[in-house]
Amino acid sequence: MPQITSSTREIPETDSIPRHVAIIMDGNGRWAKNRLMPRVAGHKQGVETVRGVIKNCIERGVKYLTLFAFSSENWRRPADEVSFLMQLFIGALEKELIKLHENNICFKVIGDITKFEPKIIEFINKGEQLTANNNRLTFTIAANYGGRWDVMQAIRKMMAQYPNHPFDFKEENLTPYLSMNYAPEPDLFIRTGGECRVSNFLLWQLAYTELYFTKTLWPDFDDNEFDLAIQSYQQRERRFGRTSEQVQVL
């Protein structure tokens, strides 16, 4: 496990290639609608894009990839679409877990998985155990996840651990209880589909993350689109509260 630092407490190490990329995969439904296809067809195609992005991350040296697959607010979608997404999740887990393991990829899920059916929970637990010692890439799926939920569940766990604490907690006290306590904060956040918001995703962890928004719909997010995001990241000056002059001296 890497040394986890807080970007608001310390200046993290940076490189031309982001160590951690977090993505909101938006636009599956519109991609399908544009082709006069049912929304579920877009979700199926989106799975193919996930495979490509995993491959791209490995080739470029990205060590952590986190994808927002299903938010805690997505339960508000039509019941038939939610049901399809659950079945697609099961199918993807069944097909991909062995491949992930064979490629030395560590698989993790963050979110309140207790809301899922037992079969999904079983596959998640199996996948995490199977790939726990892999280190080529840490691939995280955020499922039934919300940034505010993450902070609240971390506070509850921390308070349970220290019931008699005098309440002068600091950031470093809370960090071990957050869902992504095993990964550095994202260097680059990508959202496809044209929307320009973070939608309750990794609210704590995105404090100093570079944000990249593209109108490209998720099923069309190919190698070239990924490269454009990386190039945009490489043009940013990551100051973490400092001035440009201070950064340039280093």
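Here are some questions and answers about how features of this predicted model get their labels.

Q: What makes Leu 36 count as exposed?
A: Exposed takes a relative accessible area over 50%. Leu 36 has 81%, so the label exposed applies. This residue lies in the loop between helix 1 (28–34) and helix 2.

Q: Why is Asn 144 called buried?
A: Buried means under 20% relative accessible area. The value for Asn 144 is 6%, so Asn 144 is buried. Its place is in strand 4.

Q: What makes the phi values of Leu 36 and Asn 144 worth a remark?
A: Most residues other than glycine have a negative phi. Leu 36 has a positive phi, near 55 degrees, and Asn 144 has a positive one of about 50 degrees. Neither is a glycine.

Q: How do you know that strand 3 and strand 4 pair?
A: Pairing needs at least two bridges between the strands. Strand 3 and strand 4 (residues 137–145) have 6, in the parallel sense, so they pair. Within this part of the sheet, Ile 110 stands opposite Ala 142 in strand 4.

Q: What makes strand 2 a partner of both strand 1 and strand 4?
A: The cut-off is again at least two bridges. Strand 1 and strand 2 are joined by 5 bridges in the parallel sense, and 7 bridges join strand 2 to strand 4, also parallel. Both counts meet the cut-off, so both pairings hold. Thr 66 in strand 2 is the bridge partner of Ala 22, while Tyr 64 stands opposite Thr 138 in strand 4.

Q: How do you know that strand 2 is largely enclosed?
A: Of its 8 residues, 7 are buried, so the rest of the structure largely encloses strand 2.

Q: What makes strand 5 and strand 6 a pair?
A: They share 4 bridges in the parallel sense, and at least two are needed, so they pair. Phe 189 has Leu 211 in strand 6 as its bridge partner.

Q: Why are strand 3 and strand 6 said to stand at the edges?
A: The open sheet has 6 strands in the order 3-4-2-1-5-6, with parallel pairing. Strand 3 (105–110) and strand 6 each have a single partner strand, so one side of each has no neighbour in the sheet. On average, neighbouring strands of this sheet are turned by 20 degrees against each other, direction ignored.

Q: Which residues make up the covered and uncovered faces of strand 6?
A: Glu 210 and Tyr 212 form the covered face, and Leu 211 and Phe 213 the uncovered one. In a regular strand the side chains alternate between the two faces of the sheet.

Q: How do you know that the span of helix 7 is close to what is expected?
A: Helix 7 (residues 223–234) has 12 residues and reaches 16 Å from its first C-alpha to its last.

Q: What puts the buried residues of helix 7 on the same side?
A: Those residues are Glu 225, Phe 226, Ala 229, Ile 230, Ser 232 and Tyr 233. They cover an arc of only 160 degrees around the axis, which places them on the same side of helix 7. Their cover includes helix 2 (39–60), strand 5 (188–191) and strand 6 (210–213).

Q: What makes Asp 222 a cap for helix 7?
A: A side-chain oxygen of Asp 222 lies 3.3 Å from the backbone nitrogen of Asn 224.

Terms used
Residues numbered from 1 in each chain as written. Predicted model: local features only at pLDDT ≥ 70, side-chain atom pairs only at ≥ 80, totals over all residues. Heavy atoms only, no water. Expected span 1.5 Å × (residues − 1). Buried < 20%, exposed > 50% of the residue type's maximum accessible area, 1.4 Å probe, protein only. Arc of directions from axis to C-beta. Contact = heavy atoms within 4.5 Å. Polar contact = N/O pair within 3.5 Å; in protein donor to acceptor, adjacent residues only side chain to side chain. Axes fitted to C-alpha atoms, helices over the stretch in contact; angles between N-to-C directions.
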